[in-house]
Amino acid sequence: MQTLNFQQLLRYQDQLIDGTLHTLLLTLVAAVIGTAIGVAGAAAVRSGPRPVRWAIRGYVELIRNTPSLIQLFVVFFVLPGFGLRMGAFEAAAIALGLYFGAYCTEIVRAGLDAIPGSQVEAGQCLGLTRWQVFRHVVLPPALRSVYPAFTSQFVLLLLGTSLASQISAEELFHTGGFIETRTYRSFEVYAVICGIYFALVMIFKLLFAAVGHLAFRWPVRR
């Protein structure tokens, strides 16, 4: 029986750090893309013309009801046939951004729909402009209501970056596969990779909890 030996992984610590940083960068880039899509999509669903609303809803249903791995393959393998060539990292960022954007669209839309119309009418009666009503009446409670769902989806996005290894994007899971082929220490390698993912998730959860406490005055769980 092979004994556990984690010391062999110490010489690959630089690769593990690089893989972790690439995973964080991929997550943040995809989150920015997805958030922009989500905000624009939610606004279009609420007040856009009917064809635009149908297009946004079709996009949301398509992305949410198909495997994200297939979406990644379409961006990386299919789009080059139409002249849209990109590197593995860029393809992964776009595919994951589209995935995150579909869910973010529904999250933001639900938050905006949760604001009673009477509050908007009250703001208009006070002489506030449309932007002021959105900024002071609609946005604060909407952000408060969607923040937990948004942060949970961000964590799922972080874990979902491991799919990028299927197109050889240099992220943490791909780095683990590289180290495993060099050391043949499968358990040790993937135990460390799992630990890094777990640590990243817990750090982001604590960070999001602190932001929620500061921004929305939520109580800190003990």
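This is a predicted model: local features need pLDDT of at least 70, side-chain atom pairs count only at pLDDT 80 or more; totals for chains, interfaces and linings use all residues.
Which helix gives the largest share of the lining of the second largest cavity? Helix α8, residues 186-216, supplies that share with 3 residues.

## Overall fold

The protein chain has 8 helices and 0 strands. Read from the N terminus, the order of elements is α-α-α-α-α-α-α-α. Along the principal axes, the C-alpha atoms fill a box of roughly 75 × 50 × 25 Å.

The chain comprises 222 residues, and 36% of them count as buried. Its accessible surface is about 13,200 Å², with 66% belonging to carbon and sulfur atoms. Considering contacts between residues at least 6 apart in sequence, 75% join residues at least 24 apart.

## Annotated transmembrane regions

An unreviewed UniProt entry places the feature "transmembrane region" at residues 20-45, 89-108 and 189-216. In the model, the span 20-45 is 100% helix and 0% strand. Its end C-alpha atoms are 36 Å apart.

The span 189-216 is likewise 100% helix and 0% strand, and here the end C-alpha atoms lie 40 Å apart.

## The largest pocket

The largest pocket holds about 630 Å³ of space. Its lining consists of 23 residues, and those nearest its centre are A43, R46, L112, F134 and V138. By class, 17 of the lining residues are nonpolar, 4 are polar and 2 are charged.

Four helices each supply at least two residues of this lining: α1 (13-47), α4 (88-113), α5 (117-125) and α6 (130-160). The largest share, 10 residues, comes from α6.

## Enclosed cavities

The model contains 2 cavities of 30 Å³ or more. The largest cavity has about 50 Å³ of space. Its lining is made up of S68, Q71, L72, A95, L96, Y99, G160, L163 and A164. Two or more of these residues come from each of α3 (68-78) and α4. The lining divides into 6 nonpolar and 3 polar residues, with no charged ones.

The second largest cavity has a volume of about 30 Å³. The residues around this cavity are L9, L16, I179, V189, V192 and I193. The class count for this lining is 6 nonpolar, no polar and no charged.

G48 sits in the loop between α1 and α2 (50-64). Is this glycine, G48, buried or exposed? G48 counts as buried because its relative accessible area is 12%, below the 20% cut-off. Leaving out residues up to four places away in sequence, G48 touches A43 and R53. A43 is also among the residues nearest the centre of the largest pocket. G48 and S152 are 104 residues apart along the chain, and their C-alpha atoms are separated by 28 Å.

D18 belongs to helix α1. D18 has a relative accessibility of 41% and therefore counts as partly exposed. Between D18 and V146 there are 128 residues of sequence separation and, C-alpha to C-alpha, 32 Å in space.

## Positive phi in two loops

Which non-glycine residue has a positive phi of about 65°? That residue is S168, in the loop between α6 and α7 (172-183). Its relative accessibility is 49%, so S168 counts as partly exposed; the exposed class requires over 50%.

Y184 is another residue other than glycine with a positive phi, near 60°. Y184 is located in the loop between α7 and α8. With a relative accessibility of 64%, Y184 counts as exposed.

Terms used:
Residues are numbered from 1 along each chain as its sequence is written. Side-chain values use heavy atoms; hydrogens and water are left out. UniProt positions are given in the numbering used here, feature names are shortened, and annotations may be inferred rather than shown by experiment. On a 1 Å grid over the protein atoms alone, a cavity is a set of points where a 1.4 Å probe fits but cannot get out, and a pocket is an open set with protein on both sides within 12 Å along at least five of seven lines; lining residues have an atom within 4 Å of a point. Grid points are joined across faces, edges and corners, and a volume is the space filled by probe spheres set on the points. Ala, Val, Leu, Ile, Met, Phe, Trp, Tyr, Cys and Pro count as nonpolar, Asp, Glu, Lys and Arg as charged, and the others, Gly among them, as polar. Buried means under 20% relative accessible area, exposed over 50%, partly exposed in between (1.4 Å probe, protein chains only). Contact means heavy atoms within 4.5 Å. Accessible areas come from the Shrake-Rupley method with a 1.4 Å probe; for residues, only the protein chains shown count as cover.
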